[in-house]
Amino acid sequence: MTYENDIPDFALLPAREAEERTIVPITKGAVYSPVQVTNIHEKPKTTITLEEDILVPDTKPDLREILLIDGKSYLSGREISMAAKSDDYLSLSGEIQLQTLYLPERQEEGCPVIPIQSRIPFKDQWHTAIAAGATVIMELCIEKIEHMVINERKFRVKLTLAITAREYTDETLELFEGLAGEELQLLKEPVELSSVALRKKDSLAIREDFYPKDELHPESILKQDLTVVENYKQSTADKVVINGFIYVSLLFTVRQDEEGWRPSDCIRQLQERVEFTQFIPIQQNGQWSGCAAAFNDHDLKVKLTQDEEGKDIFRLEGDLLTYVELYKNTEKEIIVDGYHKQKDFVCSFTEENCRTLVGSVASETSLREILAPESSGHEIERILYACADVLEAESRVEQGKIITEGQLLAKLLILAAGEENTVFAVCEALPFRVVTAMPQLCGQEIVCHKICIKELWAEKINAKQLEFNATVLVCGEVMRPTPFRMLQDPAFAEGAGCADSVPMVIYVCKSGDTLWHIAKRFKTSADVILQTNQLEDETLCGGQKLLIVK
């Protein structure tokens with residue numbers, strides 16, 4: 001017998017030419033459901049540099065040495081809505097409020113430290129790509145301040161401003177759900193998607209009086225530092241409740257009412273904490289998954305005044321502007337694959353990306369450092385003033401924990417021992433580390449943090465050393481990138497190229513096979529395979545034989 005005689009007769013028939021399949025789009029009967037998502041992207045940080053010459057006012061003495069310069073930056077417009085595609089330039093405007101403390105050329109009677117308050121307006125253009133229809137929320141902070149004394153009546157400041165922004169793009173996605181009148185086998189995966197459901201701003205009038213301690217009579221305010229710190233927040237169906245504190249630190253002078261006082265004895269520091277609770281009404285009722293808050297204290301100021309009894313007091317007054325974002329999480333089962341038992345169902349998939357709000361965090365740590373300002377060449381008699389700024393910080397996720405590391409710039413004014421009215425400054429960068437436990441984290445999350453200094457103080461240890469203390473608070477929202485596939489362009493393929501499924505076959509499982517993909521290949525269902533083979537679950541192993549019945 002020849003080899004050809006062993007071949008069955010049906011196998012000797014000439015092969016049919018392959019016929020092209022005809023793709024028939026489904027125009028009727030397709031069922032879709034809408035879901036709202038918000039794509040969030042952090043724009044790369046950019047910096048702008050400002051230089052400004054500042055004149056010493058005529059009413060103040062000549063400048064010899066600058067002790068401290070710090071300040072705050074404010075944007076005129078924090079939010080920009082892009083109705084259409086722009087030329088990729090964002091207009092920036094605002095002002096910098098600087099507080100400068102300097103030593104005069106000649107020490108006369110009165111306070112040895114002289115203050116200057118300055119306002120520096122600015123305008124600039126930020127070149128960055130913005131998606132059409134997106135909303136951009138910007139933040140501005142002073143990253144670095146450098147100064148140079150030009151002469152006794154003028155000095156120059158160079159400011160490095162850091163600009164960060166988040167781009168929000170709201171989309172309504174139409175998710176394919178099935179076909180009316182057709183029994184599709186669908187594979188679904190649960191996905192939780194987040195959207196920014198509502199943004200709102202609201203102002204709260206603040207008025208709080210402080211009485212100087214030890215019956216002192218304040219004469220003038222040299223410097224004031226205000227820090228707004230969120231304590232807790234809660235969102236209900238019709239309102240957002242925010243509780244927080246305004247930490248106030250004042251450097252001021254008092255009248256020399258006692259004999260023998262030196263001019264440096266008139267300098268004092270006062271630290272106070274003002275609690276507030278803000279109720280922000282919401283017209284759009286809903287079930288909210290989370291809330292983010294930010295504050296603008298541009299209008300808040302401390303001034304020296306008198307109470308009804310004529311006593312000298314400090315009064316914190318102004319409007320606190322609060323911005324809130326309300327998030328809404330939606331759980332959806334998204335189709336990631338599908339087929340039809342009798343027809344050839346074809347489709348395509350598009351990749352989508354969004355973020356899911358995991359939760360909010362709030363954690364704090366205590367910072368304690370021993371400083372020895374030996375480079376100043378002076379010994380310590382008394383600490384006049386202490387403050388600090390957050391220089392830099394970064395948050396990352398590791399093994400179910402959020403680790404925030406950064407640096408504080410501690411700034412102190414110190415009265416030198418044994419030298420009449422000699423004041424010197426100490427500035428030193430101090431590291432901090434805050435660890436927050438969140439066991440549900442997987443390691444890919446993005447932490448959008450806000451870092452505040454709740455409290456700080458400094459104490460003299462001896463003539464060569466001092467102790468600096470601070471409480472650092474980290475608040476923020478944790479979001480998880482959520483990529484998913486979305487089915488689109490459903491259609492049926494028709495033509496001779498669409499092979500009929502076999503009625504019965506023995507299939508040998510390969511490593512990595514799933515019941516779904518085997519059922520799809522032979523146009524049956526996973527339930528039928530389970531029942532036919534009397535399987536208790538969908539676990540398969542390589543080499544396992546399955547009877548597949550149509």
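The model is predicted, so local features need pLDDT of at least 70 and side-chain atom pairs count only at pLDDT 80 or more, while totals for chains, interfaces and linings use all residues. Residues are numbered from 1 along each chain as its sequence is written, and side-chain values use heavy atoms, with hydrogens and water left out.

**Aromatic rings**

- Eight aromatic pairs turn up in a search of the whole structure. Rings of Phe, Tyr and Trp (its six-membered ring) pair if their centres lie within 6.5 Å; planes under 30 degrees apart are stacked, over 60 edge-to-face, and the rest tilted.
- One of the pairs is Phe345 with Phe492, an edge-to-face arrangement with 6.0 Å centre to centre and 70 degrees between the planes.
- This pair links distant parts of the chain, with Phe345 in strand 16 (residues 344-371) and Phe492 in strand 21 (residues 466-494), 147 residues apart. Strands (E, at least two residues) and helices (H or I, at least four) are DSSP runs, numbered from the N terminus.
- Phe345 and Phe492 are both buried. Buried means under 20% relative accessible area, exposed over 50%, and partly exposed in between, with a 1.4 Å probe and protein chains only.

**Charges over rings**

- Phe492 also has the charged end of Lys343 over its ring, 4.8 Å from the centre. A charge sits over a ring if NZ of Lys or CZ of Arg is within 6 Å of the ring centre and within 35 degrees of the ring normal.
- Arg485 lies over the face of Phe349, with 3.9 Å to the ring centre.

**Open sheet 3-5-6**

- Three strands make an open sheet in the order 3-5-6, with antiparallel pairing. Two strands pair if DSSP finds at least two bridges between them.
- Strand 3 (63-75) and strand 6 (114-127) are at the edges and have a single partner strand each, so one side of each is left without a neighbour in the sheet.
- On average, neighbouring strands of this sheet are turned by 25 degrees against each other, direction ignored. Axes are lines fitted to C-alpha atoms, for helices over the stretch in contact, and angles run from 0 to 180 degrees between N-to-C directions.
- Strand 5 (residues 89-104) and strand 6 run antiparallel and are joined by 14 bridges. Gly94 has Phe122 in strand 6 as its bridge partner.
- Pro121 is in strand 6 and is exposed, at 64% relative accessible area.
- Not counting residues up to four places away in sequence, Pro121 touches Gly94 and Glu95; contact means heavy atoms within 4.5 Å.
- Pro121 and Tyr74 are 47 residues apart in sequence, and their C-alpha atoms are 9.5 Å apart in space.

**Open sheet 2-8-7-4**

- Another open sheet has four strands in the order 2-8-7-4, paired antiparallel.
- Strand 2 (30-55) and strand 4 (79-81) are the edge strands, and each pairs on one side only.
- Three bridges pair strand 4 with strand 7 (residues 135-151) in the antiparallel sense. Glu79 stands opposite Ile137 in strand 7.

**Hairpin of strands 17 and 18**

- Strand 17 (residues 380-398) and strand 18 (residues 401-416) pair in the antiparallel sense over 16 bridges. Ala386 stands opposite Leu412 in strand 18.
- These two strands form a hairpin with two residues between them, and Gln399 in the turn has a positive phi of about 50 degrees.

- Asn243 lies in strand 11 (residues 239-254) and counts as buried, at 2% relative accessibility.
- The side chains of Asn243 and Glu275 make a polar contact of 3.1 Å. A polar contact is a pair of N or O atoms within 3.5 Å; within protein, one must be able to donate a hydrogen and the other to accept it, and residues adjacent in sequence count only if both atoms are side-chain atoms.
- Leaving aside neighbours within four places in sequence, the contacts of Asn243 include Glu230, Tyr232 and Phe276.
- Thr253 is also found in strand 11, and at 2% relative accessibility it counts as buried.
- The side chain of Thr253 makes a 2.8 Å polar contact with that of Ser220.
- Beyond its neighbours within four places in sequence, Thr253 is in contact with residues including Cys111, His217 and Cys266.
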